[in-house]
Amino acid sequence: MSDKARKIIHVDMDCFYAAVEVRDNPTLVGKPVAVGGESDRRGVIATCNYEARKFGVRSAMATATAVRQCPQLILVKPRFQVYKAVSRQIHAIFHRYTELIEPLSLDEAYLDVSDCESYRGSATLIAEAIRREIFEETGLTASAGVAPNKFIAKVASDQNKPNGICVVAPDDVPAFVEALPLRKIPGVGPVTEQKLAELGLKTTADVRMQTPKVLQKWLGRYGDVLWKRSFGIDERPVETSRLRRSVGVETTLSEDIGSLQQCKSVLSDLLPELIQRLDKHDPKRRIHKQGVKLKFADFQQTTVEQTTTELRQSLFLALMDKAFERADGRKIRLVGLNVGLPEEEGEAIQLQFEW
Ligand code: DCP
Ligand code: MG
């Protein structure tokens, strides 16, 4: 589906754990509050409210540092069961509008409302209704981004935080990315930002002037992603646990390769990343299929799969032999590995959350 046809909402609760704590203890209203471990036990801050952020307190900061920056900071222990219960409430609200929900964490999700008929299909009005219902039913505020794809929606939801909404219509995407600091693109952390700056890339316009191949040389596989994002492009679908039937990694090579040996060496490079992603999804590594994908220089592609319940490198290598035979003299421009996930719906839902 083209981006123009899609309507994606990214919903993100405002200073989530801290907001829940202030809601449940009104004496905290207006005061700087952080949720986290105690400073004498080398604890860290999970999050803090906006009053505390004025003092420079941040998520993942050592509690000791936070208290130094803001001596009047009120530290509260986390109550995960309460946060999970609120998360279920907001998901029940999402489900009134669409089944296409991709949870990212307890307080954050993508919704694909392209086919939603409420509010005559206006994604903006749907997002406003969701924020209103969340506030009425939980007493907490959420921010939302509305856009033609996940990347823009996510960045947009941050734009008018807290308790804000930002709508980026398809025609506004070019101007939105034009003004976007690279640091705001998911995946560009301080290290990548520094690296890009050293290469003379400071804005999305600078990135757009490069070729994906050059960016790949500098940044590896992320180079391709960054290039797309700099144009406002993100083709990833909203993946519900129902739809998430596989986990895969692939790489477009900076130069086409021609030997089976080279393909196998790329396979070995990709495997740790696949395992890492699978472990994130399901530490028990339950799978029902392994597959290898090759894309040839003429852009035709082939996939070879085999059912299995145990992830094995030797099987990937055997599948690669078969896939490579189909090259028939053509060079290879992309190598991918994937695993099919078992179909137990209930388990799949649990895996998405760290509940
Ligand atoms: N969290 C955590 N450790 C981190 C980051 C976050 O434990 N390093 C927890 C606490 C947050 C929750 O996850 O409340 C949601 O994370 P967000 O990044 O969405 O941050 P907040 O919701 O707290 O704040 P914001 O208003 O910026 O979204
Ligand atoms: Mg949040």
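A: Helix 12 and helix 13 sit oblique to each other, because their axes cross at roughly 140°, and oblique is what's left once angles under 35 degrees are called roughly parallel, over 145 roughly antiparallel and 65 to 115 roughly perpendicular. Helix 12 covers residues 260–281, helix 13 covers residues 313–325, and their axes come within 10 Å. Axes here are lines fitted to C-alpha atoms, for helices over the stretch in contact, with angles running from 0 to 180 degrees between N-to-C directions. Helices (H or I, at least four residues) and strands (E, at least two) are DSSP runs numbered from the N terminus. The crossing of helix 12 over helix 13 is right-handed, meaning the near helix is turned clockwise from the far one by less than a right angle.

Keep in mind that this is a predicted model: local features need pLDDT of at least 70 and side-chain atom pairs pLDDT 80 or more, while totals for chains, interfaces and linings use all residues. Residues are numbered from 1 along each chain as written, chains are lettered from A and ligands numbered from 1 in the order written, and side-chain values use heavy atoms, leaving out hydrogens and water.

Helix 4 (residues 80–94) and helix 5 (residues 123–138) pack at about 140°, axes 10 Å apart, so they're oblique to each other. That crossing is right-handed.

Now the ligand. Ligand 1 has 14 residues around it, the closest being C15, F16, T47, Y50 and R53; a residue counts if one of its heavy atoms lies within 4 Å. C15 sits in the loop between strand 1 and helix 1 and has a positive phi of about 30° despite not being a glycine.

For polar contacts (N or O pairs within 3.5 Å), a backbone N or O atom of F16 lies 3.0 Å from a ligand 1 oxygen. A polar side-chain atom of R53 lies 2.8 Å from an oxygen of ligand 1, and a side-chain N or O of K161 is 3.0 Å from one. The protein covers 69% of the 550 Å² of accessible area ligand 1 has on its own, by Shrake-Rupley with a 1.4 Å probe.

K161 also joins P162 through a cis peptide bond, omega about -10°. P162 is in the loop between helix 6 (150–159) and strand 8 (165–167).

Key: A polar contact is a pair of N or O atoms within 3.5 Å; within protein, one must be able to donate a hydrogen and the other to accept it, and residues adjacent in sequence count only if both atoms are side-chain atoms.
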